[in-house]
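Please walk me through this structure.

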Amino acid sequence: MTLHTSVKRNAYYDSVTLMLLSRELQKLEGVEDVLVGMATGLNLDLAKDLGLADNEFDTLTPNDLFIAAKIDEALISMKAIEDAFNEYLNKRVESESDEDYQPPSLSSAIQSLPGANMVLISVPGQFAAAEVEDALDAGLHVMLFSDNVPVEDELRLKQKAVEKGLLMMGPDCGTAIINGIPLCLANAVRLGKIGVVGASGTGTQEVTVQIHKLGEGLSQVIGTGGRDLKEQIGGLMMTLGFESLIADPETELIVLISKPPAPSVAEKIYQIAKSSPKPVVIDFIGGDRAAIEAAGAIPCISLEDAAQKAVKVLRGQEYEDFTGFSLPEDHINCIVDTSVSKLKSDQTELRALFTGGTLADEAMKLLGVHHNIYSNIPLLPEMAIANLPEGRGHICLDLGEDEFTRGRPHPMIDPQTRTEFFQSHVDEKTAVILVDVVLGFGSYKDPAGAVADSVREIRQRLAKQGKDVVVIASVCGTDLDSQDLNKSIATLEAAGIIVLPSNAQAVRLTDRILQRMKKGVLDVC
Amino acid sequence: MAIKEVNAITAADDLVEFLENHPGYLARVHSVFPHAVNLLIGEDALVTLTNQDDITPMGLRVDGSGNFAEILKVGDKVVLDLDLFTSINGVFAVNLRDAEIWESRSMMSLDACPGEEVAQIRLNLIKWLGKQSALGLLPLLPRLTRQSMNGKPMVENLYSRHIAEDLEAFTKAINTSDWQRALNLADRLVGFGMGSTPACDDFLAAYLVIFTVVDTLNPDRYPWVREFNQTITSKAKKRTTLISANMLRHAADGKLSRSHQRLIQTCLYNIQGELEYSARQVLRHGATSGGDFLLGLVCAMQWFQYNMTDVSKEGEQAWVELKQPQPVPGI
Amino acid sequence: MSVNDLFKQELKIVNLGLKSFHSDLKSQGVTTVQVNWKPKAGGKKNMLSLLGKINKVKQS
């Protein structure tokens, strides 16, 4: 064994690098002992104590780096150790620069990504407007996922966007598919000829999913944010999106989705629809059918209906309102009978627990005709959940509303909120539980599994009282989504959940069961 | 080679003050790391540029992802102005116009948590540290904190083995308020360990900051603090690297890099939340070795919790002081 | 850049906020940059205002 030292003047490395490095050097064949360090007095003392110092050390200053090693020269040379040292340092620098660079601001990100054309913004609402403004000023399209952005800011920013011919999708815009790329919460669907402009996130998702299931695809899906068609904003993005789709050669048919717009805004949309050379399908969920028809557009009764009509018109087929089920009518009757027969006479209530806002809204519209439903998004103010009578009644909740999401992720992203509502809101009086299961990018990795777990737990709880419960679900998702539509359906069915192919059908089945319960059980098929 | 111009995102307030008073200052590149550059000011002060998510006292956080070693080399001259840094060879410039100014001593104006809360945070930090890879001085974590690490073996290294006894004696001396002994032992610590800030310096920096914090919170109650800190920093001037001596000087002044500052805020004031996140940032960032600083911090926190418990309650202060005599160290 | 021009281009996306949106895009091979976003410190002084002040002092 002989002692060798090597010195690098004015060389600086952080301690972690040197620690890992000396471990590597120690592993080399022929190295008995190695010490790496800055040549401070104490470090040199240590080297001396260990017998790893030589005369050269007397000339060193604390700003020099030394490597001292006892080696077997038959096996390794000091040069080889130095080479290993340098090679390791180079490797480390490379692996560091391989890491994804995250620029600290929007402007530096734009600089670092030449040709950037779209900015997704999901920072807290109070900071969002300033970022949107910077993005628009830089000439980039914006998708604004954040909510809690003041309506004045929305108006100002959308005016700026329209002036520049830029998209400003949002605030509170959950879904869009641009050039086949799903943005934020969106499903994997095939490319095609149908363009969509939607003011409601899950409503848009449901329509795109149904179009995909029917074998057609989407050219562009543009979100506007929920307030776009209110008087104050005046439908600025709906108008821009609509006109862009009319001008887009890839789009052959256009679907518009929104809650009923302000009358003045609706009028603007109808004017564009009238002059549109492409067919226009409109689902203003519960909107004015006659006015839509007068504008030469095709009105719809549900999200699923909108998808079906779009596909049929595109294919040049006849269409009519789709009010029924995909399954044969007698099969549905059988499901209704079997379900009702499972329930005891004091089980009368509906618990609809939605993660998708528009899906909840659609359920309210379709069920509200026949039943009194209490909700956090009531059809009438007196049906607000706070007014639920002591004797209780049906409840339908949009769990994605701010009141439930404060300080926690949206229930589509994290199922915890709904899991808790299953525990707190389902009891021995519950007859039917109705849920949505939304798949796609950004959604929870296994929403079906989370629902199935909750349902099993409830069934166990109710079984102690000799009771069961009817659970109905629809899955908003496709075979291309990472969560996989068919796998999700299988998971739900394995937990005894009745799965319908659309939200509208799930709601309709719920309606049939509730109506049948009112009439009392007939014979079971 | 085209000029590489980057924007400064954040500038430390002490650097801004320096620039205001020294327009057109000519500095030299002292040392270059992949993500940081030190510029030498005068004989022994440094300005640190980094493009990582951190900033040091007398520092500048700049934009971009490049490797500084590919642009600058030791000895390059850089002209420092309040709005622009430019290297004389024309290859590099930093635009300061849009930078935010960062307060390098921002945590000094707050009231600390009660001792029991600090104790709990400290235990959580020890538990977390026990799970990290035991580099540098970290193998000494169980020994210095008297906490078992659930049977996880802590593999010692040459440095940690060599310094174990001295470090233990040092923490004991501090905990028993034996300041003179602590200072004598510091002779065996300053400059010891690997890296451009040797491990024991990082360890000591945690103590110096905590001392300055309590001194600021309770002026005149710990008359030894200034002298103690000054003695350590003047020892550092001769015994350790320039980079490390700078860090200790700042620490003695209550100044730390932003990631270190956040961690201290989490530990003593329980703000900024997310202990693990703050601790991980310290482990990740900066040219100093975070693990050794963290070890120093959990040791210094023990002293802190002994001394800060109930001090805010008037009337008990005298009793606490009586119980904890505070001899002034002789220099 | 008009919306219809965007339809003809390859999307290149800057993401501010939820990292999962960035990783979803990346997993599909979309060109995307995640911003290491932090709220701007409200009302904090910055160099620009300081420089403005200094210039005023110089002029007077």
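Predicted model: local features only at pLDDT ≥ 70, side-chain atom pairs only at ≥ 80, totals over all residues.

Now step through the pairs. Within chain A, β4 (residues 118-121) and β5 (residues 141-144) pair in the parallel sense over four bridges. Here A:Leu120 stands opposite A:Met143 of β5(A). Next comes the step from chain A to chain C. β4(A) and β1(C) run parallel and are joined by four bridges. A:Val119 has C:Val14 in β1(C) as its bridge partner. C:Val14 in turn has C:Val33 in β2(C) as a bridge partner. Five bridges join β1(C) to β2(C), and these strands run parallel. Between them the chain passes through α2(C), a β-α-β crossover that is right-handed.

Chain C can now be seen whole. It has three helices and two strands. From the N terminus on, the elements run α-β-α-β-α. Of the 60 residues in chain C, 32% are buried. Why is β1(C) largely enclosed by the rest of the structure? Because four of its five residues are buried.

Turn to chain B. It holds twelve helices and nine strands. Of its 331 residues, 52% are buried. Look too at its contacts with a separation of 6 or more: residues 24 or more positions apart account for 66% of them.

Chain B also touches chain A. The contact takes 32 residues from chain B and 28 residues from chain A. On the chain B side, the elements that give two or more residues are β1 (4-12), β2 (25-33), α4 and α8 (242-252). By class, this side has 13 nonpolar, 15 polar and four charged residues.

Which of its residues are buried? They are A:Leu42, A:Asn43, A:Leu44, A:Leu46 and A:Ala47. What covers them includes β2 (31-38) and β3 (65-71) of chain A. The cover also includes α4 (158-175) of chain B. After α2(A) comes A:Gly51, with a positive phi near 70°.

Finish in chain B, in the loop between α3 (141-145) and α4, where B:Met154 lies. Is B:Met154 buried or partly exposed? It has 14 other C-beta atoms within 10 Å. Buried would need 20 or more, and exposed 12 or fewer. B:Met154 is therefore partly exposed. Its contacts, leaving aside neighbours within four places in sequence, are B:Ala134, B:Pro139, B:Leu141, B:Pro142 and B:Met149. Take B:Pro142 from that list. B:Pro142 and B:Met154 are twelve residues apart in sequence, and their C-alpha atoms are 8.5 Å apart in space.

Terms used
Residues numbered from 1 in each chain as written. Chains lettered and ligands numbered in written order. Contact = placed C-beta atoms within 7 Å. Nonpolar A, V, L, I, M, F, W, Y, C, P; charged D, E, K, R; others polar. Pairing = 2+ DSSP bridges. Right-handed = clockwise from strand over helix to strand, strands pointing away.
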